Amino acid sequence: MAPVAGSQTRDAIADVWGPRTPHAGSWPVRVDERTAAAPERWVQSVCVLCSYGCGMDVGVADGQIVGVRGRAEDRVNRGRLGPKGMYGWVANTSADRLTTPLIRRRGRLEPATWDDAMQLIVARSKADIRDYGPSSHAFYNSGQLFLEEYYTLALVAEAGVATAHVDGNTRLCTATAASALIESFGTDGAPGSYTDFDVTDAIFMVGHNMAATQTVLWARVLDRLEGPNPPRLVVVDPRRTQAARRAEVHLAPRPGTNLPLLNGLLRILIERGWIDSRFIHDHTVDFESLVSSTGPWTPDRVEAVSGVPAADLEAAAEILGTTPTLVSTCLQGVYQSLQATASAVQVNNLHLIRGLIGKPGSTVFQMNGQPTAQNTRECGANGEFIAFRNWNNPEHVAQTAKVWNVEPGKLPTWTPPTHAMQIFHLAESGSIRWLWILATNPAVSLPELGRIRKILAKDDLFVIVSDAFMTETAALADVVLPAAIWGEKTGCTTNADRTVHLSEQAIEPPGMARPDLDMLVDYATRMGFKDRDGAPLVKWTDPEGAFESWRECSRGRPCDYSAMSYAKLHAVGAIQWPCTDAYPEGKERQYEDGVFNTSAEYCETYGHDLATGAAVTAEEYAAHDPKGRAMIKGAEYVPPPEQPDGDFPFLLTTGRLTYHFHTRTKTGRSRELNAAAPTPFVELASGDAPALGVSDGDLVEVKSRRGHVVVPARIGGVEPGVVFIPWHYGDDGTDNAPTAANRLTLTGWDPVSKQPHFKYAAVALSRVGRHENGEPGPARLAGRRRRSEATPEPAHADVER
């Protein structure tokens, strides 16, 4: 049927998850579509506004995007789209797109040519490498580029510059997902498939607000819950989310107590014999450590520490211990909290001791938070070695060097990769002097924002930002490069169940904007980076050329793309890796034979002590080589370093909202999405509000040891003693309407994954007054960089991220 101009199949703002299509076993098709005008043609693509990865077509007319529709045949979404997918595309045509390079002159960002901008970047790069060495350079990237861009970045940074200072903002959202999978199964990569949700008997969601963060996946779960054989649902969340309301058992632990709760659940399963002893014996190692670490965690002790009633814990354990099949998911409520990797590993342990992995309806999703977070990790742009190889295995290093045609000694394997928080510390101390930030906004997203902004504004730090908009971070840069975004370039995305999509270019980028791939190739060419034969290091100039090199680099590794091609992806639409000669259409599940990627010659790392983060050496690992058996690892609880007290009596947790993604770079430019969630707020328990004299809509100052915000109150939805603030909203860095939640968060991270702690901080609340209309004022663009006495450049008041 031909689309009608300005049509939509539903109002996805009011009806977030759409009409139900109950089913048993096979998810029915439901095509969602929204157009502003009649498309002249449709271009194959994928949604990039969460990690679920919905296949979509992009409607084009007169050289502009005019709409989107879900792809009915896509294995991920079967035609459905969430509100961000249906409305977020309008950001491409936003009037405040960056269309020309900018160079800071006399304290102000001024228009420049591409040649001038790149000459300045390269001149500073060569000088700093000459004077301070390759380690003076750092690259801080994203979870929103394409596979081909990450792969090129890894090559340029590691084999060109030869720096170990490469990480992504995925460090903030899903570094723990990777670490937990590696610690248990030997390498990164989800074991199962989204189709497991369609047939499972039970779902266990731990710190995963699926209804808000992955709305189409939640629609998939809702269709099961309203079908003929609904799964039993257990939810762990300190807030009463939509998912928690639908749960048979809702466990609401105090922030920072995930590990005691999970230890308590595992203790009950072991004590009552709800385990698969044969699977444990044949396919795992070190079950005894789990028996020891969980032994002290009786239901009463769990209740005393976490606040979860013992009876609720036992009810949840009965479901998890007796269900024939189980799908578990974890996200930021685990990853951004205390003992993140240790807690996520316990969810893996649950599946291992029950033998519920590698079979239909039974898997664990250490879920991703961004559309291409998996690609960041696969391509080695986030601290992992490329293609899930092992930095400490000389054979793996040699394999990569062979593909890239460089000497193995060129690759920076002499030191552990530098994580994001350490990159900014090294910039603070002056060790890093040249920092390229690609498609991310650390001036809003990193913890303890006051400190981060000071680092970015340092005179001895040369900051390059490539972005599509004048973000809070771009406003602090020395050079700003206008970037092409989704719809304006071609590349691959890989979602949380290993499904690869090809997003094809639909329109031209505005003005002089360029894809990040082009910027990186230009930089490498101007720097004169060569392989060991004297040929250009980067041997491609387009995305397909990069993909062809990546295919070969991935050959023989878990994330094997060797039998994929652009032609196949265009024809099929969505393919899971591994995609090999043996599995030319992709493989739905890993570990179906109970053999894991843990052998010493194949594993991605040799593991860590979950409490201290101390790395296991190659010699120690080889002495106890699991040889394909999964590793069960117990962990002891350590209380949070910052606890509520008389001065700061509440615990703050931060998180996301349904209608926004990250720092609102795109979603804040959609009239519909922005109207649905225009401003931040603080959510507090109905039992806490009266003592503070706070009512709905009152302005409240929330103060931590690091900063403060002033936002309106929403009453209800959290446990007593806990408050919640969404972190999407930036501000101007001054005390003029402070609204950025990360002013409050602390500088600390998980010892294994190095993921920062956003989910607990001690805060105090006080009523300030009544806000006009009961709603807060709009967040403002982050501050201008004041490096000189010159008048700073004008703020773009409408830029919010």
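**A colleague's note on the fold**

1. The largest nonpolar core has 118 residues, and those with the most contacts inside it are Y52, F185, F197, F204, W218, L265 and I353. Helix α9 (residues 258–271) gives the most to this core, with 8 residues. A nonpolar core here is a set of buried Ala, Val, Leu, Ile, Met, Phe, Trp, Tyr and Cys residues joined through side-chain atoms within 4.5 Å; buried means under 20% relative accessible area with a 1.4 Å probe, protein chains only. Helices (H or I, at least four residues) and strands (E, at least two) are DSSP runs, numbered from the N terminus.

2. A word on the source: this is a predicted model, where local features need pLDDT of at least 70, side-chain atom pairs count only at pLDDT 80 or more, and totals for chains, interfaces and linings use all residues. Residues are numbered from 1 along each chain as its sequence is written, and side-chain values use heavy atoms, leaving out hydrogens and water.

3. Take a look at F197: leaving aside neighbours within four places in sequence, F197 is in contact (heavy atoms within 4.5 Å) with I203, M210, L217, V221, R224, V327, T329 and F365. A second, separate core of 68 residues includes A117, I121, A154 and W540.

4. An open, antiparallel sheet has 4 strands in the order β1-β4-β3-β2; strands pair if DSSP finds at least two bridges between them. Its edge strands are β1 (33–35) and β2 (41–46). Between β3 (residues 55–61) and β4 (residues 64–70) there are 6 bridges, and M56 has G70 in β4 as its bridge partner.

5. For the whole protein chain, there are 26 helices and 27 strands. Buried residues make up 67% of its 801 residues.

Definitions and conventions:
Buried < 20%, exposed > 50% of the residue type's maximum accessible area, 1.4 Å probe, protein only.
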